[in-house]
Each structure stands twice: as structure tokens, then as C-alpha cells.
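The sequence and the model are shown first, and a description follows.

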Amino acid sequence: MHVKNLECSFCHREYDARGLHNVCTECGKPLLVRYDLKRIAKFLTRQALYARRSDLWRYREMLPVRREDNIVTLGEGWTPLLPAKALGASLGVAHLLVKDESLNPTHSFKARGMSVAVSMAKELGAKKLAAPSAGNAAGALAAYCARAGLPAYLFMPRDTPRANVVECEVAGAHVTLVDGLITDCGAEVERRKESEGWFDVSTLKEPYRVEGKKTLGYEIAEQSEWNLPDVIVYPTGGGTGLVGMWKAFDELQQLGWISDKRPRMISVQAAGCAPIVRAFESGARFANEFENAATVASGLRVPKAIGDFLILDAIRESGGTAITVTDDELIEGAREMARTTGIFASPEGGACVPALRKLLARGDVKPDEKVVLFNTGSGIKYIDAFDKKQQAMTPGSRAKSALGPALRQ
């Protein structure tokens with residue numbers, strides 16, 4: 001009974017929280033869960049958390065599932081916030097940490113959102129779940145649907161990393177590969193969902209994935225002894241994690257657990273797909289679709305995000321910024337993170353390293369500030385991207401390539 005209602009993030013229309021909803025029926029924008037925070041604050045304290053389970057469900061009162069037996073969990077959340085002294089020294093940052101989401105079930109932060117979304121779908125009576133995905137969200141939905149005993153219908157770009165596709169197939173999901181981008185996959189779900197009886201759990205097209213992702217903010221606060229960092233550097237595709245953290249910080253302040261201090265939120269995108277950066281730099285409230293989107297970091301290849309205005313609002317309200325890095329830079333960033341921290345980061349996580357270097361160079365981040373970088377997933381799922389880079393870096397590889405035709409003759 002701690003959930004009050006769902007509220008449209010744009011026009012503020014309210015909806016009954018006990019029904020299945022996608023986006024606002026008036027304006028088509030994302031719905032967000034609103035809690036009775038005054039009531040919760042009367043009985044829930046920070047100290048009560050210390051003896052609780054070490055996953056995201058430690059914040060049970062701030063999550064929307066009503067009945068305990070509807071929780072679908074694989075132990076997601078409560079990932080480490082690791083000091084990165086050697087990487088910090090290389091970059092020139094005294095207080096650098098990495099929030100390593102690769103240790104989640106299914107090896108990415110997508111497990112958080114899908115745990116809560118599938119739990120709520122189960123509680124509210126959904127029978128079939130569907131989603132478009134660039135890779136890791138599909139793997140997470142497949143796993144949590146298997147856990148819940150629900151069928152999953154997944155639509156993925158044909159060039160999605162093979163590891164993600166196999167992961168879904170092994171978990172028993174129905175996988176369709178689409179010629180195009182995640183936006184094309186989303187259009188296919190939208191076209192077929194009514195006739196097929198699917199409930200659409202696309203990014204920010206239902207209210208609960210963001211609730212799982214907001215626990216990133218709760219964890220950073222708790223792991224930092226309730227003193228938030230100065231800067232959070234976050235790789236941004238659909239942006240649910242950034243939106244979720246911003247929501248978490250507001251809730252934590254209303255509970256009286258943190259002050260009004262907020263981190264500056266930094267959105268990092270690939271140069272080949274940077275709708276948020278382009279909108280931020282132009283001062284726009286919404287981001288136009290990024291044409292011909294292309295990047296090896298499949299999680300960043302989101303040419304149009306439904307939550308674009310929420311991402312941009314969080315960046316601007318926090319005094320943050322948005323920045324791009326090239327594919328070469330983000331792959332090398334992942335390598336640098338691995339060499340200095342032992343974390344085999346995804347290309348998306350690797351993007352944070354060159355981004356921070358650029359932010360320091362232009363004065364957007366100061367060397368004495370406390371900075372958190374996000375590694376959103378495991379590099380092991382992107383092995384082809386790293387192999388291709390390795391081949392290009394191997395001495396003599398170009399010469400061997402040039403000799404190939406002659407040798408075949």
C-alpha cells in the first residue's frame with residue numbers, strides 16, 4: 001500500500017497503479033511510480049537496511065511489488081563500488097570509483113530493470129512479454145521470464161553481438177532478428193503486440209524497469225555513507241539508469257536520508273549515435289532521431305529515446321553535461337580500465353574513460369572531485385569488438401591482408 005499511483009512524467013496525469021499500463025494515453029510519455037514517502041519515512045530508516053539482503057530488494061518499501069511471492073529475482077543489484085586508484089592516477093583524478101554492473105545476473109545492469117518489470121508483470125497478470133533490444137536487455141528479459149515461467153518475445157538488430165542472441169535462445173525466448181536498428185525492432189513490437197497479446201516492456205514504455213534501475217542511486221548513496229559523489233559519468237543509450245538515479249536522489253531526500261546536494265550527471269554517447277549530446281548542445285528540450293546511427297557499443301546505438309526530455313532535464317538540473325567519444329576511444333577506454341582495475345568492461349563502460357579525460361581537459365571536472373564511472377556490463381559479451389580491434393593492432397596484420405590475394409593466386 002506504499003505506492004500511491006502512476007504519474008505521467010510530462011503532463012502529470014495520474015493512473016491506477018494496480019493495472020497494466022504502458023505510456024501516458026494523453027501525451028505518449030513515460031509513466032513513473034509515485035510513493036507515499038511521508039508514510040514510509042515514519043517507519044523506514046537507513047539503519048534498518050544494514051541487516052538486509054544483499055540485492056536490490058533490500059529497498060523493498062521503495063519498490064512497487066506488493067506480494068513477496070511475486071518477486072522474480074536472480075540476486076541482482078548490490079554491485080561493488082570499487083576504488084580505481086591506478087586509473088585515477090593515470091587520468092589525474094584523486095577520488096575515482098567504478099560502479100561495476102557486470103557482476104549482475106546476465107552480466108549487465110539490465111538485470112535490475114527486468115527483475116522489477118517482470119515481477120510487476122507477473123503480479124498484474126501479464127501472460128506474454130515482448131521487447132526490442134540491442135542485446136543485454138534481451139538477455140535479461142529472457143532470463144527473468146524463464147525464472148517467472150512467462151514467454152518472452154525479443155526483437156533484436158541482426159548485427160547484435162552473437163553472445164546476446166545465444167543467451168536468449170538458450171533461455172527459451174522467442175528471438176526475431178531484424179534488419180535495422182533498435183527503433184525498427186521497437187516498431188515491430190508496437191505493430192504486433194495487440195494482436196499477439198504481448199505486454200510491451202520496452203525501455204520507459206512501462207513504469208517498472210526504471211524502478212529497478214533507480215536502485216543504482218540508492219546503492220551509490222548507501223555505499224558512500226549517504227554522501228553523494230560530485231560527478232557521475234554514465235554511458236547513455238535509452239537513459240533509464242540516469243533517469244532512475246535522478247528519481248532515486250529525489251526520493252532519498254524526501255525520506256530525509258540525504259541532503260539536497262546532487263552529483264553532476266554526465267551523459268556519454270558514441271560519436272556515431274549522439275542524439276542526447278546534440279540536443280543538449282543546441283539547448284533543445286527533446287532529442288531528434290539520430291540518422292544513420294552506428295557504433296560498436298550496441299547499448300549506445302539508440303537513435304531516439306522516449307525518455308529524452310527526462311535525461312536532458314537531469315543533466316541540466318544537476319549542472320552536468322553531455323559528451324561524445326569515438327569507437328576507437330571507447331574500446332581503448334575499456335582496455336585501459338581492464339589494465340588498471342581488473343574490470344573487463346563493456347564498450348559502453350569503456351566510453352566513460354576517454355569521456356572523463358576530455359572532461360578534465362576542458363575543466364568540466366576538477367582533479368580533486370569524487371567521481372563515479374559506470375561500467376554497465378561485461379566485455380565478454382562483446383568479444384568480437386575487442387578481437388577486431390586486436391587484429392587491427394597486431395603488427396603485420398595489414399601486410400598479411402595485402403598479401404592474401406597474391407598468395408591465393
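## Sheets and strands

Four strands form an open sheet in the order β8-β7-β6-β9, with parallel pairing. Its edge strands are β8 (174–178) and β9 (199–200), each of which pairs on one side only. The model is a predicted one, in which local features need pLDDT of at least 70 and side-chain atom pairs count only at pLDDT 80 or more, while totals for chains, interfaces and linings use all residues. Residues are numbered from 1 along each chain as its sequence is written, and side-chain values use heavy atoms, with hydrogens and water left out.

Helices (H or I, at least four residues) and strands (E, at least two) are DSSP runs, numbered from the N terminus. Two strands are said to pair if DSSP finds at least two bridges between them.

Ala131 has Leu154 in β7 as its bridge partner. Helix α6 (residues 182–196) lies across β6, β7, β8 and β9 and runs at about 145° to β7.

Strand β1 (residues 3–8) pairs with β3 in the antiparallel sense, over 5 bridges. In that pairing, Asn5 has Arg34 of β3 as its bridge partner. Of the 5 residues of strand β3 (residues 31–35), 4 are buried, so β3 is largely enclosed by the rest of the structure. Here buried means under 20% relative accessible area, exposed means over 50%, and partly exposed lies in between (1.4 Å probe, protein chains only).

Strand β11 (residues 264–270) and β12 run parallel, joined by 5 bridges. Gln269 stands opposite Thr324 in β12. Strand β12 (residues 321–325) is mostly covered, as 4 of its 5 residues are buried.

## Helix packing

Two packed helices are described by the angle between their axes and the distance between the axes. The axes are lines fitted to C-alpha atoms, for helices over the stretch in contact, and angles run from 0 to 180 degrees between N-to-C directions.

| Helix pair | Axis distance | Angle |
|---|---|---|
| α3 (residues 110–123) and α4 (residues 136–148) | 9 Å | about 40° |
| α7 (residues 209–223) and α8 (residues 240–255) | within 7 Å | roughly 60° |
| α11 (residues 327–341) and α13 (residues 352–361) | within 7 Å | roughly 100° |

Angles under 35 degrees count as roughly parallel, over 145 as roughly antiparallel, 65 to 115 as roughly perpendicular and the rest as oblique. Helices α3 and α4 are therefore oblique to each other, and α7 and α8 are therefore oblique to each other. Helices α11 and α13, by their angle, are therefore roughly perpendicular to each other.

Contact means heavy atoms within 4.5 Å. Between α11 and α13, Glu329, Leu330, Gly333, Glu336 and Met337 of α11 meet Val353, Pro354, Arg357 and Lys358 of α13. By class, this contact of α11 with α13 has 4 nonpolar, 1 polar and 4 charged residues. In this classification Ala, Val, Leu, Ile, Met, Phe, Trp, Tyr, Cys and Pro count as nonpolar, Asp, Glu, Lys and Arg as charged, and the others, Gly among them, as polar.

Helix α3 brings Lys110, Ala111, Met114, Ser115 and Val118 against Asn136, Ala137, Ala140, Leu141, Tyr144, Cys145 and Ala148 of α4. The contact of α3 with α4 has 9 nonpolar, 2 polar and 1 charged residues.

## Individual residues

Most residues other than glycine have a negative phi. Trp78 has a positive phi near 50° and is found in the loop between α1 (37–43) and β4 (81–83). The relative accessible area of Trp78 is 26%, so Trp78 is partly exposed. Trp226 also has a positive phi, of about 70°, although it is not a glycine. Trp226 is found in the loop between α7 and β10 (231–235), and its relative accessible area of 8% makes Trp226 buried.

Is Phe386 buried or exposed? Phe386, in helix α14 (residues 383–393), is buried, with a relative accessible area of 7%. Leaving aside residues up to four places away in sequence, Phe386 touches Ile331, Ala334, Arg335, Phe344, Ala345, Pro347 and Gly379. Phe386 and Glu332 lie 54 residues apart in sequence, and their C-alpha atoms are 9.3 Å apart in space.
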